[in-house]
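Here is a quick briefing to read with the model open in your viewer. It goes topic by topic, with cut-offs given where a term comes up.

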Amino acid sequence: MGIIHPSTKDFDQLLQANEVVLVDFWATWCGPCLMLAPIIEEISKKYEGKAVVAKVDVDVERALAEHYQIMSIPTVLVFKKGKLAGREIGAAAASVYETMIENAL
């Protein structure tokens with residue numbers, strides 16, 4: 001499936017339709033976000049079939065960023081059965097995001 005790019009209108013449907021969803025809130029002008037991109041790509045491959053990986057551009061989907069109180073980027077959220085199960089602010093090692101997913105599986 002790869003990384004998906006949900007909009008504000010289909011975000012809730014994404015959360016309800018999938019057991020575990022990792023969401024990277026980012027922007028094109030954010031240096032740490034760009035450094036995190038290959039890590040998120042690898043995680044999407046590693047967890048294909050187990051978790052859905054999504055990226056949300058905060059400049060495009062402002063309402064989503066506001067709803068989840070994204071104050072700085074990158075911020076990565078993990079949802080389990082539609083409920084927030086983890087939050088990591090700032091770029092981190094792949095192992096941090098993998099642990100978040102593993103804890104939600």
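Searching the whole structure for disulfides (pairs of cysteine sulfur atoms within 2.5 Å) turns up 1. Keep in mind that this is a predicted model: local features need pLDDT of at least 70, side-chain atom pairs count only at pLDDT 80 or more, and totals for chains, interfaces and linings use all residues. Residues are numbered from 1 along each chain as its sequence is written, and side-chain values use heavy atoms, with hydrogens and water left out.

**The disulfide**

- The partners are cysteine 30 and cysteine 33, with their sulfur atoms 2.3 Å apart.
- The link of cysteine 30 and cysteine 33 is right-handed, with 75° about the S-S bond.
- Cysteine 30 has 4% relative accessibility, so it counts as buried; the label means under 20% relative accessible area, while exposed means over 50% and partly exposed is in between (1.4 Å probe, protein chains only).
- Cysteine 33 is buried too, because its relative accessible area is 1%.

**Helix H2**

- Helices (H or I, at least four residues) and strands (E, at least two) are DSSP runs, numbered from the N terminus.
- H2 covers residues 31-46, and at 1.5 Å a residue its 16 residues should span 22 Å, which agrees with the 24 Å between its end C-alpha atoms. The expected span is 1.5 Å times one less than the number of residues.
- There is a kink of about 35° at alanine 37, shortly before proline 38. The bend is the angle between axes fitted to the seven residues ending at a residue and the seven starting there.
- Which residues of H2 are buried? They are Cys33, Leu36, Ile40, Ile43 and Ser44.
- An α-helix has 3.6 residues a turn, so residues three or four places apart point the same way.
- The cover over the buried residues of H2 includes strands S1 (20-26), S2 (52-57) and S3 (75-80) as well as helix H4 (94-104), where contact means heavy atoms within 4.5 Å.

- S1 is largely enclosed by the rest of the structure, because 7 of its 7 residues are buried.
- On S1, Val20, Leu22, Asp24 and Trp26 point one way, Val21, Val23 and Phe25 point the other way, and all are buried.
- S2 is mostly covered, with 6 of its 6 residues buried.
- From S2, Val52, Ala54 and Val56 point one way and Val53, Lys55 and Asp57 the other, and all of them are buried.
- In a regular strand the side chains alternate between the two faces of the sheet.

**How the strands pair**

- Two strands count as paired if DSSP finds at least two bridges between them.
- S1 and S2 are parallel, paired over 6 bridges.
- Aspartate 24 has lysine 55 in S2 as its bridge partner, and tryptophan 26 stands opposite aspartate 57 in S2.
- S1 and S3 run antiparallel and are joined by 6 bridges; valine 21 stands opposite phenylalanine 79 in S3.
- Together, S1, H2 and S2 make a right-handed β-α-β unit. Right-handed here says that, with the strands pointing away from the viewer, the path from the first strand over the helix to the second runs clockwise.

- Most residues other than glycine have a negative phi, and most peptide bonds are trans.
- The peptide bond from isoleucine 73 to proline 74 is cis, with omega near 0°. Proline 74 sits in the loop between H3 and S3.
- Glutamine 69 is in the loop between H3 and S3 and has a positive phi of about 50° although it is not a glycine. At 54% relative accessibility, glutamine 69 counts as exposed.
- Lysine 81, in the loop between S3 and strand S4 (83-89), also has a positive phi, near 50°. Its relative accessible area of 55% makes lysine 81 exposed.

**Arginine 62**

- Arginine 62 belongs to helix H3 (residues 62-67) and is exposed, with a relative accessible area of 53%.
- The C-alpha atoms of arginine 62 and threonine 8 are separated by 8.4 Å, and the two residues are 54 residues apart along the chain.
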